[in-house]
Amino acid sequence: MKYSEFREAVELLGVPPGTSLEGVKEVYRRRVKEGNYRDLAELNRAYRLVVEFCSHYPFGFSKEEFYKAFPEEAVRDGFYNHPLWEGG
C-alpha cells in the first residue's frame, strides 16, 4: 500500500485524525447508511485499506504512547506524586 492510496482512502471515508479502529468502522457504517459516496465499490476499497492499516499498526505499549492516548492520565499521575495531592 502506498501512502497516497492510504491518504486518499482516509479522505474518501472522511475519517478524522486519531480515530480508533472502532471509530473507522462507525464512520464507514454511517457513510453506507446515509448513501454519501460516489461508488460503493470505491468506498469498500477505501474501508479495507484503512482497516488493514489500523489492524496492523504497531503499538509500543510505552508510558509515553499510553499518555498520548489518555492525556488525562498523565495529568492525574503528575498530581498523584505531588505533595499536596499525595496518595490520590
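## Packing of α2 and α3

In this predicted model, L21, V24, K25, Y28, R31 and V32 of α2 are in contact (heavy atoms within 4.5 Å) with L40, L43, N44, Y47, V50, V51, C54 and S55 of α3. Ten nonpolar, two polar and two charged residues make up this contact, where Ala, Val, Leu, Ile, Met, Phe, Trp, Tyr, Cys and Pro count as nonpolar, Asp, Glu, Lys and Arg as charged, and the others, Gly among them, as polar. Helices are DSSP runs (H or I, at least four residues) numbered from the N terminus.

The axes of α2 and α3 are 10 Å apart, and the packing angle is about 175 degrees. Axes are lines fitted to C-alpha atoms over the stretch in contact, with angles from 0 to 180 degrees between N-to-C directions. The two helices are therefore roughly antiparallel (angles over 145 degrees).

## Salt bridges

Three salt bridges occur in the structure, each defined by a side-chain nitrogen of Lys or Arg within 4 Å of a carboxyl oxygen of Asp or Glu. One of them joins E5 and R45 at 3.7 Å, N to O. Because E5 belongs to helix α1 and R45 to helix α3, the pair ties together parts 40 residues apart in sequence.

## Lining of the largest pocket

The lining of the largest pocket comprises 11 nonpolar, three polar and one charged residues. At least two lining residues come from each of α1 (3–13), α2 (21–34) and α3 (40–56). Lining residues have an atom within 4 Å of a point of the pocket, an open set on a 1 Å grid where a 1.4 Å probe fits, with protein on both sides within 12 Å along at least five of seven lines.

## Basis of the values

Residues are numbered from 1 along each chain as its sequence is written, and side-chain values use heavy atoms, without hydrogens and water. As the model is predicted, local features need pLDDT of at least 70 and side-chain atom pairs count only at pLDDT 80 or more, whereas totals for chains, interfaces and linings use all residues.

Technical notes
Angles under 35 degrees count as roughly parallel, over 145 as roughly antiparallel, 65 to 115 as roughly perpendicular and the rest as oblique.
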